[in-house]
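Welcome to this short briefing on a protein model.

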Amino acid sequence: MSALTSFDCTNGRLQLALENRTTTARDFTVTWPGRTGSPWTRTIAAGGNYLHYWTVGAGAPYTLRVTAPGFDTTLRGTTSCDLATGNPQMTSTTLLTTQTVIRDLNGTGGRYDGTVASVRIPGLAVTNNGTVIAVADARVNGSYDLGGGTNNIQIVMIRSTDGGRTFEQPRVIHAPPTTSEGVGDPSLLVDRATGVVYCFFTYSPRPGISFWSGGSGLNTADDPNSMHLRYITSRDNGATWSAPVELNPAVKDPTWRQVFFSSGHGIQTSTGRLIQPIAYRDSAGTSHAANIYSDDNGATWRRGGSAGGNINESKAIERGTGAIVQNMRHNSTRSRFYATSTDGAATFGAATASTLLTDPLCNADEMSYLRPSEVGANRAPVRTRTALFSNNAHPSARNDLTVRLSTDDGASWPARALVKPGGAGYSTMAVLADGTVGNLYEVGDTGGIYFARFSLGWVKGA
């Protein structure tokens, strides 16, 4: 059983997430001395959870005693958006909803500030100076993926220059020339050696061109019947962004039917290699996970081999041994799949289902726990055996976003904490400059994009 406090910075709410990790229903009683309505009792089903909350604002002291058969804990502190000792060790901030005004959307009459019908597909990174950059799809007219509906999808950025405590107004950092061209599935990657931030994205040239449409047999830069792999870069921590760079001629196999970037983030390995995951459909129509990679700080890019078939989105992670492991979403099996590369993601061994990590067929994240400053003599990230995994822990629904911690290269995940009870979706993470962790996640097609920040101690203490 578990009881964890957090603070909703947007709505000024103290939150208490209760989890029943046993195999039978349990009655949980929450007591807050002096609080109107205390105590509260709730029956939680086996494997279920419940979220209590109180609108109290920042600076409110609290004492919560939580009891259940075989469980008794007291949680004390002061509500705050800071993760200082004595405050809740997880905070959440609403970054983007369908009511949020986004700057610089591209419309038929030019640029404008306005709202969109759907916000989805989070990407996250922390730059060398500690700036937090969050990106997502701004789906202007509907919740469809690239190629669907009117295809009017643009890339929105929400940036923080104070370590994730406050965020700037969302603004579009890339939109195609016309509203019938779409860009989405953003993924961020920071080259620690140069400080350059890459925002990879997929471009659909017109409605109907999606991951599931037919292939053209081409890999030209102007192919109107293919999805395109492209990126923009920032050299000033996300303040400004470059013109797009086209990658299909360099990395797309013309026999592939379609291709797209796996959203969230890429990685830089201890050798300095930049790796960004992709998904593609081969000539027979089977989907695969793979990567593109660069050994010259992004000047040129190559494609790697398949990490697994019947696979969708994935993340790459470097183990303490230097091996690259692909953590993958399967198309039909409700487990995460792994494949291992000993040559830096150029080739992979067989993909196998994890016996530890279930999955409701959703994009997820696994990353190394490394601060931006933890680099070697070559200014590339060092190696670590400590990893974090984020996904919807419910085996058959996109519910109960949970973070797990491993200190043995993913061989075991002994610690876990519930970030978002109930409906969630895609999630992605980054380690902030102060060692806390940011988790950017979506809630369905129209529920919004949220930023959770927590300490490792919060995960370990769950």
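Two residues are in contact here when heavy atoms of theirs lie within 4.5 Å of each other. With that in mind, Gly410 touches Arg319 and Leu356, leaving out residues up to four places away in sequence. Please remember as you read that this is a predicted model.

**The overall picture**

- The protein has two helices and 36 strands.
- Its radius of gyration is 22 Å, close to the 23 Å that the globule rule gives for 462 residues, so the protein is as compact as a globular protein of that length.
- Of the 462 residues, 60% are buried.
- If you take the contacts between residues at least 6 apart in sequence, 55% of them join residues at least 24 apart.

**Surface and charge**

- The protein exposes about 16,300 Å², and 48% of this area comes from carbon and sulfur atoms.
- There are 39 positive and 35 negative side chains.
- The centres of these two sets of charges lie 4 Å apart.

**Aromatic rings**

- A pair of aromatic rings is described by the distance of the centres and the angle of the planes.
- Rings count as a pair if their centres lie within 6.5 Å, and by this rule the count comes to 17 aromatic pairs.
- One of them joins Trp256 and Tyr280: the ring centres are 4.0 Å apart and the planes meet at 15 degrees, so the pair is stacked.
- Trp256 sits in the loop between α1 (248-251) and β19 (258-261), while Tyr280 belongs to strand β22 (residues 274-281), so the pair ties together parts that are 24 residues apart in sequence.
- Are these two residues buried or exposed? Trp256 is buried at 6% relative accessibility, and Tyr280 is buried at 8%.
- Tyr441 and Tyr450 form another stacked pair, with 5.6 Å from centre to centre and 20 degrees between the planes.
- Tyr441 has a relative accessible area of 5%, so this residue is buried.
- Look also for the aromatic cluster formed by Tyr198, Phe200, Tyr231, Phe261 and Trp301.

- Gly410 lies in the loop between β32 (399-406) and β33 (415-423). A relative accessible area of 13% makes Gly410 buried.
- Although Gly410 and Arg319 are 91 residues apart along the chain, their C-alpha atoms are separated by 8.6 Å.
- Thr446 is in the loop between β35 (437-442) and β36 (449-454). With a relative accessible area of 49%, Thr446 is partly exposed; the cut-off for exposed is over 50%.
- Which residues does Thr446 touch, not counting those up to four places away in sequence? They are Thr98 and Ala117. Thr98 is 348 residues from Thr446 in sequence, yet the two are 6.5 Å apart in space, C-alpha to C-alpha.
- Ser396 is found in the loop between β31 (387-392) and β32, and its relative accessibility of 47% counts as partly exposed.
- Setting aside neighbours within four places in sequence, Ser396 is in contact with Arg334 and Pro360. Ser396 and Pro360 are 36 residues apart in sequence and 4.6 Å apart in space, C-alpha to C-alpha.

**Backbone details to look for**

- Most residues other than glycine have a negative phi, and most peptide bonds are trans.
- Pro39 lies in the loop between β3 (26-31) and β4 (40-44).
- Asp104 is in strand β9 (residues 102-107) and is partly exposed, at 29% relative accessibility.
- Ala345 also has a positive phi, near 80 degrees, in a residue other than glycine. Its place is in the loop between β28 (335-341) and β29 (352-358).
- How accessible is Ala345, and what does it count as? Its relative accessibility is 0%, so Ala345 counts as buried.

Technical notes
Residues are numbered from 1 along each chain as its sequence is written. This is a predicted model: local features need pLDDT of at least 70, side-chain atom pairs count only at pLDDT 80 or more; totals for chains, interfaces and linings use all residues. Side-chain values use heavy atoms; hydrogens and water are left out. Helices (H or I, at least four residues) and strands (E, at least two) are DSSP runs, numbered from the N terminus. The radius of gyration is taken over C-alpha atoms; the globule rule is 2.2 Å times the number of residues to the power 0.38. Buried means under 20% relative accessible area, exposed over 50%, partly exposed in between (1.4 Å probe, protein chains only). Accessible areas come from the Shrake-Rupley method with a 1.4 Å probe; for residues, only the protein chains shown count as cover. Lys and Arg count as positive and Asp and Glu as negative; His and the chain ends are not counted. The place of a charge is taken as NZ of Lys, CZ of Arg, CG of Asp or CD of Glu. Rings of Phe, Tyr and Trp (its six-membered ring) pair if their centres lie within 6.5 Å; planes under 30 degrees apart count as stacked, over 60 as edge-to-face and the rest as tilted.
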